[in-house]
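Trainee: Could we go through this model together? I would like to begin with how its parts pack.

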Amino acid sequence: MANRSLTTPFGVTEPASRHFTHTPISRAFSGLVAALTAHVEAERDISAADSEDPGFAAWLGDAEAARTDVLARIDRVRSAEIIRPEDRPLRHMAVICYLLMQAGANAEFLEARQVLDRAPALFACPGDGAAAWRCRQMLRSTRLRIREMSALPCHLDPREIAPDAPEIAAPVPA
């Protein structure tokens, strides 16, 4: 004697609007979040390493490859067509990431970073659907990566923050 059981989960046969589906921008942005994570990790590796270390050249190559990957993924987000309203804040965030990656001085980096706080509506994704929820999740993850980027010397030069601080401490007289 066999027992009858349902093997199809409830809700799977409902219209697709209840579930998240990627657009070209959301798919590219999802990859951008992963690339930013790899960039932060690679930059942490070389910021803590000694340039005389035999592995430094490989770590530097990894950091340069991670940076190139981030910029390529930003280009994919920026060039993709906006399909739904949730794509707009993702594109705006990609533009901020581009400005942060290309900043040549602390002032440029900080100015781009402050746009996130000054214009929060550009990076907000209102709504209750699956697409809005996933968009907010990706935006939160990106904000965390940007916070981590702010702690890296490749983005914010500590000598530029405190230009009067001597690089090598003067010896203390005995």
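Mentor: Let us begin with terms: axes are lines fitted to C-alpha atoms, for helices over the stretch in contact, and angles run from 0 to 180 degrees between N-to-C directions. Helices (H or I, at least four residues) and strands (E, at least two) are DSSP runs, numbered from the N terminus. This is a predicted model, in which local features need pLDDT of at least 70, side-chain atom pairs count only at pLDDT 80 or more, and totals for chains, interfaces and linings use all residues. Residues are numbered from 1 along each chain as its sequence is written, and side-chain values use heavy atoms, with hydrogens and water left out.

Trainee: At what angle do helix 2 and helix 3 pack?

Mentor: Helix 2 (residues 56-79) and helix 3 (residues 87-102) pack at about 145°, and their axes are 9 Å apart.

Trainee: How many helices and strands does the protein chain have?

Mentor: The chain has 6 helices and 0 strands. Of its 174 residues, 31% are buried, where buried means under 20% relative accessible area, exposed over 50%, and partly exposed in between (1.4 Å probe, protein chains only).

Trainee: Which residues have the most contacts inside the largest nonpolar core?

Mentor: They are Phe-29 and Met-93, in a core of 34 residues. A nonpolar core is a set of buried Ala, Val, Leu, Ile, Met, Phe, Trp, Tyr and Cys residues joined through side-chain atoms within 4.5 Å. Helices 1 (24-47), 2, 3, 4 (106-118) and 5 (130-149) each supply at least two residues of this core, and helix 1 gives the most, with 8 residues.

Trainee: What does Phe-29 touch?

Mentor: Leaving aside residues up to four places away in sequence, Phe-29 touches Val-77, Leu-90, Met-93, Ala-94, Met-138, Leu-139 and Thr-142. There is also a second, separate core of 5 residues, which includes Ala-42, Ile-46, Ala-63 and Ala-66.

Trainee: Changing topic, where is Pro-24 found?

Mentor: Pro-24 is in helix 1. Not counting residues up to four places away in sequence, Pro-24 touches Ala-80 and Ile-83. Pro-24 and Asp-87 lie 63 residues apart in sequence, with 8.9 Å between their C-alpha atoms.

Trainee: Why does Pro-24 count as partly exposed?

Mentor: Pro-24 counts as partly exposed because its relative accessibility is 45%.

Note on methods: Contact = heavy atoms within 4.5 Å.
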